[in-house]
Amino acid sequence: MKSRYCLYACLLLISACGQETEVVVYDDKAIADESQKAHWLAYGRTHDERRFSPSDQINTGNVADLKVDWFLDLPQDVGLVSTPLVVDGTLYFTGTMNVIRAVDAVTGELLWKYDPQVAKEIQGKRKIGWKHNRGISFYEGKLFAATWDGRLFALDATTGKELWTVRTFDIDQALYITGAPKAFKGKVLIGNGGTENGPSRGWVAAYDAETGAEAWKFHIVPGNPADGFENAAMEMAARTWTGEWWKHGGGGNAWHGFTYDAELDVVYIGTGNGSPWNRKIRSPEGGDNLFLCSIVALDPDTGEYRWHYQTTPGETWDYNSNMDIVLADLQIGDAGEEPVKAILHAPKNGFFYVINRKNGKLISAEPYVETTWATRIDIETGRPVEVPGARYETDAAYVTPNPYGAHSWHSMSFNPHTGLAYIPAMHYATNFSDEGIDLETFQAVKFSGGIGVNPLPAKSPRDYPASLIAWDPVKQEAAWQIPQQSGPNGGTLTTAGNLVFQGRADGRFVALDARTGEELWSFNAGLGITAAPITYELNGRQYVSILVGWGGGAAGLGAKYASQEFSPSHLGWDYGKHMRRLLTFSLEGRAEMPALPPPYFPEPIEAPDFMIDPALAQQGATAFGACVACHGLDAKAAGMAPDLRASQIVLDGESFASVVRAGALVARGMPANPEITDAELDALRHYIRKEARE
Ligand code: CA
């Protein structure tokens, strides 16, 4: 049978039974094609990472009729944050614990499932408890994905059979991978996260797509000069550091934001913040600290440095630049002039950057949220004009955006028809201070981490924590903005039907008029949404798909660095009560989907016999810092893991030890902590019970 969707480099083969089979080879040309409507071939749909589809069957005139076409229940999953891919009528996605599934994109029928056995791999080893993954990559018949524990693997996209696996870092390193690899030119690029989990020196590496052999590696920050530099770029970068930064790793970890520019044949990486956060510790005499918080352009074949643009020189607020790197041709000058080959980038620091991707020169930058750390970006120098005191030099500083970022990994989309970028934005603030921290002796500890600063929640600069901003990158101003009463909200999709789709923290999946922001359709998914939607056309029908499974760092952390009034624990999304799902919509949809229970707020267990020791509870409060990412601030869970105030396991010392120390629930994402002592376990229990009673 001939494939209807064969558009590129088709090879006509005669199969054993004599039937004609077309093998479609989706190469870089295919992945860069903006005009096809049938597939979603890359993380951001195409190599340009715009998340724009030319499909207009669903449009502003009929989107009100959008209904569920099919759905898939995912009872074993928790946080679902990934963007699926669609290739030749098969939808692929990654779920909790890095399980990959292939389903029929028309019926939702499961075709195959691949489980990389993350729990088995980390058994007995200490790992930072993030069980999320943002996506997979496709190239010439293979799928590529990376695991939380640091493996990169390739699967046959047709069968789900594993083709190769490589370990990208030693399992004993305090690093993790939550991002999608990026495949291009026969290679697969991956980085890692871990800036906050101990002393860390970030890098990216590219592997051969056929064999998994390492092709090249690029370090993001320089190592100890005494050991020699890997390349001239590292030697240049070292001149922007002071002190003995290598003892702290330096950071820069690239955990998100990889784009391949098929037109200019360059790969761009977005880099992370410093390790530790506080520059006074990592680089005490100052300095820009290259290549932290930058976009770095690399040669796709060799990994050689081409250019960089640093968004936050000498950063000290967790303002990484790991956010989407979106490629667009912008008509910036007069109509007769050549459009500018631009990068659109909205990093954590709150400024929207338009960068010339031929040379890395800044074209323009304006704040898209309130920015108390800098007033503007100087176009001549490309550098921010900082507000005195923002670096908490002597006193605490009220800083916005906060460490969650004005925008994080929740995808931004760009619609070339409206000329607007759609940013899921956040409006949080934090008080930064390093009072009480010994800057001379501070040292982060592997796995326990340490950021060298005290970020304390502060009142939000607005009376809402999040918004959807439609940003005009040419005029550098908002065309419209929708305030949202909860966050973080999911990534965006935009289409030629003049629509913007977004899943929200409050469980609503909405479609807006891309030109005005008017809400035209809304669906109650019954659970907070963090993932970004996709669209594809098959058999003449346009589908819109989205994973529903509240998750991600900011979702779980609750109000750790932000105003308590906007804590997502108020939303009532529960770990065990709300079914995680893959939903697919169309105009002809008629699936009956059972509604989910209403928001649920667990009742803490009474347990009057448990005598709380205040001193032990105090010790436990500090130790609980390692648990909040999943179990929530003040032990109030926000849907990522069970609420421990309502847990029987905490009441029984032996059961508690078997879970926390021995890892009895590793398979469900609760890491083992083999080093934890009996006294520490006891302190944790007393702290949790204290929170339960309060
Ligand atoms: Ca960070």
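## Charges over rings

In this predicted model, the charged end of K217 sits over the ring of W203, 4.6 Å from its centre, and the charged end of K577 is placed over the ring of Y600, 4.3 Å from its centre. A charge sits over a ring if NZ of Lys or CZ of Arg is within 6 Å of the ring centre and within 35 degrees of the ring normal.

Residues are numbered from 1 along each chain as its sequence is written. Because the model is predicted, local features need pLDDT of at least 70 and side-chain atom pairs count only at pLDDT 80 or more, while totals for chains, interfaces and linings use all residues; side-chain values use heavy atoms, with hydrogens and water left out.

## Aromatic pairs

A search of the whole structure finds 30 aromatic pairs, where rings of Phe, Tyr and Trp (its six-membered ring) pair if their centres lie within 6.5 Å, with planes under 30 degrees apart counted as stacked, over 60 as edge-to-face and the rest as tilted. The rings of W241 and W245 have centres 5.9 Å apart and planes at 40°, so this pair is tilted. Both W241 and W245 are buried, a word used for under 20% relative accessible area, with exposed meaning over 50% and partly exposed in between (1.4 Å probe, protein chains only).

Y392 and F432 have ring centres 5.5 Å apart and planes at 10°, so they are stacked. This pair links distant parts of the chain, 40 residues apart, with Y392 in the loop between β28 (384-386) and β29 (397-399) and F432 in strand β32 (residues 429-433); strands (E, at least two residues) and helices (H or I, at least four) are DSSP runs, numbered from the N terminus. Y392 and F432 are both buried.

## The calcium ion

The protein donors of the calcium ion are E196 (OE), N273 (OD1) and D318 (OD), lying 2.3 to 2.4 Å from it; donors are N, O and S atoms within 2.8 Å of the metal (3.2 Å for Na, K and Ca), and sites may look incomplete because water is not among the atoms. E196 counts as partly exposed at 24% relative accessibility, whereas N273, at 2%, counts as buried.

Five of the five residues of strand β40 (residues 534-538) are buried, so the strand is largely enclosed by the rest of the structure. Five bridges join β40 to the antiparallel strand β41 (residues 541-548), and two strands pair if DSSP finds at least two bridges between them. The two strands form a hairpin with two residues between them, and N539 in the turn has a positive phi of about 50°.
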